[in-house]
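Here is a short report on helix packing and ring pairs. Keep the sequence and the model in view while reading.

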Amino acid sequence: MMLAMMLSDWERMWRRKKTLVSLLIFALIIGLDCLFLSMQKLGAFDNVSTVPLVSENFALFLLKEVSFFLVLIIGPMLIIDSMNGEYTSGQLRMVLIRPVSFAKLFLAKWMNLAGMLLLFTAVTFVVGEAFGYAFLPGADTVVFLNPEQQYGPIGAFIYCLKSYGLFYLILLAQLSLTSLICTLLPGVVLSYLGWIAVAAGSLYVSDSLGFLLMGMSTIFKLTAGLYHHPFYLPLLVCLGFGFAVTMGLWQRRGWTK
């Protein structure tokens, strides 16, 4: 039953024009960023720290360029369209006239969106690695934000892969929080503005929540051992709290009314 709901929601997700348009826009963004970075020759961690771009670190800086669109545009648009857009348009009522668990339907949507975000993240990593090794010079050792730590080709690959994994965890936290916002706020536009307000407001609430908006800056410092705030606990709280509360709300609401 659970698998059937996931497959049904996955099919509806790909039938929507927004999903296909997002995929095309994302592919265009990756292509343009690859060309931009290859011409720039330098990878910037911030306004001060830069390193030469080589094949071993290209994927990391490609993620930095792409992350803005995933966090603030493409990711929220897909999440809100799935969680709120179907209810607003009436499509969700047609699904829920069947004897299905509302909580399980939310779980199916959450897992499908997590899979979609994983797809976008994985595509960025694969393209970054392939483009870097095809068009950029290699190096025996590379450094990242911490100049005292040097990495060989394998170490640099693991470093980039770890950074992508951390970024994906941030996207999952965003998924849970945006799902909660969609459930509490009526309408697609209000839900999107609500996510922007939460992400920007987190910077003023606590430095430990800055990863919601400044994800790559946090990852650069964290992987370099220069991040001095809690990271994993706030991230897991955002992920788990948003998920649990939203599932409870879905279970109690009369979505078919």
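## Aromatic pairs

How many aromatic pairs does the count come to? The count comes to 19. Rings of Phe, Tyr and Trp (its six-membered ring) pair if their centres lie within 6.5 Å; planes under 30 degrees apart count as stacked, over 60 as edge-to-face and the rest as tilted.

F26 sits in helix α2 (residues 17-40) and F120 in helix α5 (residues 102-135), so the pair ties together parts that are 94 residues apart in sequence. F26 and F120 are both buried. Buried means under 20% relative accessible area, exposed over 50%, partly exposed in between (1.4 Å probe, protein chains only). Elsewhere, ring pairs join F106, W110, F243 and W250 into a cluster.

## Basis of the model

The model is predicted: local features need pLDDT of at least 70, side-chain atom pairs count only at pLDDT 80 or more, and totals for chains, interfaces and linings use all residues. Residues are numbered from 1 along each chain as its sequence is written, and side-chain values use heavy atoms, with hydrogens and water left out.

## Helices α6 and α7

The axes of helix α6 (residues 153-184) and helix α7 (residues 188-205) come within 9 Å and cross at roughly 130°. Helices (H or I, at least four residues) are DSSP runs, numbered from the N terminus. Axes are lines fitted to C-alpha atoms, for helices over the stretch in contact, and angles run from 0 to 180 degrees between N-to-C directions. α6 and α7 are therefore oblique to each other. Angles under 35 degrees count as roughly parallel, over 145 as roughly antiparallel, 65 to 115 as roughly perpendicular and the rest as oblique.

On the α6 side, the contact residues are Q174, L177, T178, I181 and C182; they meet S191, G194, W195 and V198 in α7. Contact means heavy atoms within 4.5 Å. By class, the contact of α6 with α7 has five nonpolar, four polar and no charged residues. Ala, Val, Leu, Ile, Met, Phe, Trp, Tyr, Cys and Pro count as nonpolar, Asp, Glu, Lys and Arg as charged, and the others, Gly among them, as polar.

G194 belongs to helix α7. G194 is buried, at a relative accessible area of 13%. Leaving out residues up to four places away in sequence, G194 touches I181 and L185.

Helix α8 (residues 215-223) has G215, M216, T218, I219, F220 and T223 as its buried residues. Just after α8, G225 takes a positive phi of about 75°.

Note on methods:
Helix = DSSP H or I, 4+ residues; strand = E, 2+ residues; numbered from the N terminus.
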